[in-house]
Amino acid sequence: MVPWRRLHSQAWWSLGLICLVSLVAMGHAAFAADAKKSTPEKSTPDFGPTMRFVVVRSSAPGCEPNCPEWISAEGTIEAGTPALLKRTLKALGGRKLPIVVDSPGGNVEAALTLGRLIRKNKLDIAVGKTRFAGCLPDMKNCKENDGKGARYFGDAYSNGAICNSACPLMFSGGIRRVVGEWAFLGVHQITTTYIRTKLLYRTTYRMVKGKKKILSTRVVSRKNAGSYKTYEMNKPLERKLAAYLKEMGVGLGVLETMKSTPASGIQQLIPYDMLQMNLVTSLDAVDLLTAPTLCKSDPLPASCREVPAPANIAKPAGQVVASAEPAPLGLETPPAKVADMRFVLVRGSNPLCNPNCPEWISAEGTITADTAEKLRQLLDSVGDRRLPIVVSSPGGDVLGALAAGRLIRERKLDVAVARTDFIGCEPRQADCTAEGGVYNGLTVDAGGECGSACPIMLAGGVKRLVGPRAQLSVHSMGFEQRVKAYLEDMTVGPGMFSAMQSAQYSRYRHLEPEMMLKVGLTTGPGSADELTGPGICRSEPRPENCREISGAKAQASTPVKS
């Protein structure tokens with residue numbers, strides 16, 4: 001007889017099989033596998049295609065051979081999304097490209113992982129879309145961009161781009177974080193889906209002195225037993241998100257807004273509030289990270305890459321190399337095809353400011369001898385209203401700039417360097433008619449320029465601002481005594497005149513924001529947003545350039561975002 005089968009043995013063993021139907025497995029799916037899904041999403045789970053990452057090179061005309069590049073991230077965040085980003089970053093071999101994201105949200109845990117991955121690699125991020133030129137990411141066997149030095153080309157823009165639900169958690173990982181007035185960043189309460197799982201498992205045990213001792217347990221079948229959802233954030237998840245936001249340097253106001261917004265809705269965060277929460281690092285838009293002018297700055301951003309022109313491209317017959325002869329003293333020859341400076345009235349088109357929105361004077365183009373007179377005519381038409389001037393100009397006539405600057409100081413106006421993006425129609429379009437003579441638009445630092453004689457005009461402002469992404473350059477241009485006396489009258493320090501004289505008139509010297517402050521050209525480190533941002537009309541005292549119009553009229557004048 002086998003010893004362990006003897007009935008009277010002191011070490012009597014018995015093997016048995018137990019089949020049990022068990023358990024409802026519930027836990028945070030974003031934090032425990034196969035238990036539940038936890039995403040701050042609407043009740044409709046279909047968010048569209050999974051997020052994909054592709055490296056894009058700017059297709060802006062004239063930017064080659066040195067153009068900015070970025071990572072386009074568009075689609076739903078899913079569990080496998082972080083692995084896709086890791087693969088993209090590995091292929092870049094350490095290059096630090098900004099991320100341009102457009103996403104409706106998705107998986108919370110994946111979003112947290114993405115945010116930490118972005119922060120670890122010290123990447124910038126912006127909410128934006130990419131408009132592709134040539135090959136598209138989903139096109140197979142596309143050869144249109146072959147031989148051009150990049151797989152994908154395009155331009156980034158913010159109008160209509162979104163970063164909702166779990167996406168702001170990913171967004172929080174960026175070093176520099178920008179959204180822009182026409183992009184949409186929204187949050188809401190976490191939706192937690194509990195999935196009931198019916199498990200059939202086999203347990204092997206033995207009896208030792210009348211007691212069961214489990215030897216092994218093995219699942220033999222798994223069936224879905226239904227699910228249910230909750231729409232409130234539990235304490236462990238709240239603590240986890242709070243710790244993450246603190247780690248990223250983002251204020252807890254983001255979390256409080258998530259908790260207070262029903263899961264069935266979405267709360268858009270306006271730029272000023274995002275700045276106060278430190279969710280964004282500035283009020284700039286995607287242009288801050290992708291504008292083609294980036295690659296003309298010094299030092300060169302890491303996102304710029306030079307692609308030499310193919311050696312076999314022949315120079316067109318009869319092509320003449322431009323002469324490097326300097327322009328006559330006192331009159332800078334501006335870049336070709338830049339029209340004379342025009343002045344128009346603009347009203348801020350961000351719907352968040354209605355019905356009380358800021359207004360300004362857009363001044364764009366080449367400075368000429370009659371620029372001051374054109375400005376005077378416009379100022380006379382607005383009466384006693386003191387509207388700031390938003391200027392973008394390559395320069396032009398020095399005497400014209402001196403006259404315009406003195407007129408600006410006489411009227412006690414503020415000036416900022418930026419370009420105006422017009423909504424609806426632009427002043428130079430033949431079929432464009434502005435209602436009441438006022439156009440709709442937004443100011444954008446990136447792409448704004450103020451070169452040569454333009455800083456003279458800028459110096460006339462009472463408050464003088466040049467944003468971090470606007471470009472300002474100086475050089476010697478003649479009329480030294482007049483320019484020097486003018487700068488003294490405008491209470492601009494002598495360092496400005498020295499900076500101008502340090503560069504010959506045939507060459508430009510770019511001034512960084514710190515240098516502009518040091519030489520006394522700018523009065524502060526701010527940008528055009530201080531004069532035209534949608535939140536300024538809610539401040540006290542209210543700025544003079546704010547004007548309230550009736551609700552119906554305001555609604556009609558504000559274009560709908562597509």
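This is a predicted model: local features need pLDDT of at least 70, side-chain atom pairs count only at pLDDT 80 or more; totals for chains, interfaces and linings use all residues.
User: Where do I start? How many helices and strands does the protein chain have?

Analyst: Start with the elements. The protein chain has 15 helices and 26 strands. Then look at burial. Of the 562 residues in the chain, 50% are buried.

User: Now a sheet. How do strands of a sheet pair?

Analyst: They pair through backbone hydrogen bonds, and the pairing is either parallel or antiparallel. Here is a case with three strands. They form an open sheet in the order S22-S24-S25, with mixed pairing.

User: Which strands stand at the edges?

Analyst: Strand S22 (449-450) and strand S25 (509-510) do. Each has a single partner strand, so one side of each is left without a neighbour in the sheet.

User: Which way do S22 and S24 run, and how many bridges join them?

Analyst: S22 and strand S24 (residues 471-474) run parallel, and two bridges join them. Find Glu449 and you will see Gln471 of S24 opposite. Likewise, Cys450 stands opposite Leu472 in S24.

User: In what sense do S24 and S25 pair?

Analyst: That pairing is antiparallel, over two bridges. Ser473 has His510 of S25 as its bridge partner.

User: Are the residues on the two faces of S24 buried or exposed?

Analyst: Both faces are covered. Gln471 and Ser473 lie on one side, Leu472 and Val474 on the other, and all are buried.

User: Why does Asn545 count as buried?

Analyst: Buried means under 20% relative accessible area. Asn545 counts as buried because its relative accessibility is 5%.

User: What does the side chain of Asn545 reach?

Analyst: It reaches the backbone oxygen of Leu531, at 2.9 Å. Now set aside neighbours within four places in sequence. Asn545 is then in contact with Cys357, Pro358, Glu359, Arg385, Arg386, Leu387, Pro388, Leu531 and Ile536.

User: Which residues line the largest cavity?

Analyst: The lining consists of Glu181, Gly348, Ser349, Asn350, Cys353, Pro358, Leu442, Thr443, Thr532, Gly533 and Pro534. By class, that is four nonpolar, six polar and one charged. Pro358 is also in contact with Asn545.

User: And pockets? How much space lies in the second largest pocket?

Analyst: About 720 Å³. Its lining has 39 residues, and Ser158, Asp287, Arg419, Asp421 and Val444 lie nearest the centre.

User: How does the lining of the second largest pocket divide by class?

Analyst: It has 19 nonpolar, 10 polar and 10 charged residues.

How values were computed
Residues are numbered from 1 along each chain as its sequence is written. Side-chain values use heavy atoms; hydrogens and water are left out. Buried means under 20% relative accessible area, exposed over 50%, partly exposed in between (1.4 Å probe, protein chains only). A polar contact is a pair of N or O atoms within 3.5 Å; within protein, one must be able to donate a hydrogen and the other to accept it, and residues adjacent in sequence count only if both atoms are side-chain atoms. Contact means heavy atoms within 4.5 Å. Two strands pair if DSSP finds at least two bridges between them. Helices (H or I, at least four residues) and strands (E, at least two) are DSSP runs, numbered from the N terminus. On a 1 Å grid over the protein atoms alone, a cavity is a set of points where a 1.4 Å probe fits but cannot get out, and a pocket is an open set with protein on both sides within 12 Å along at least five of seven lines; lining residues have an atom within 4 Å of a point. Grid points are joined across faces, edges and corners, and a volume is the space filled by probe spheres set on the points. Ala, Val, Leu, Ile, Met, Phe, Trp, Tyr, Cys and Pro count as nonpolar, Asp, Glu, Lys and Arg as charged, and the others, Gly among them, as polar.
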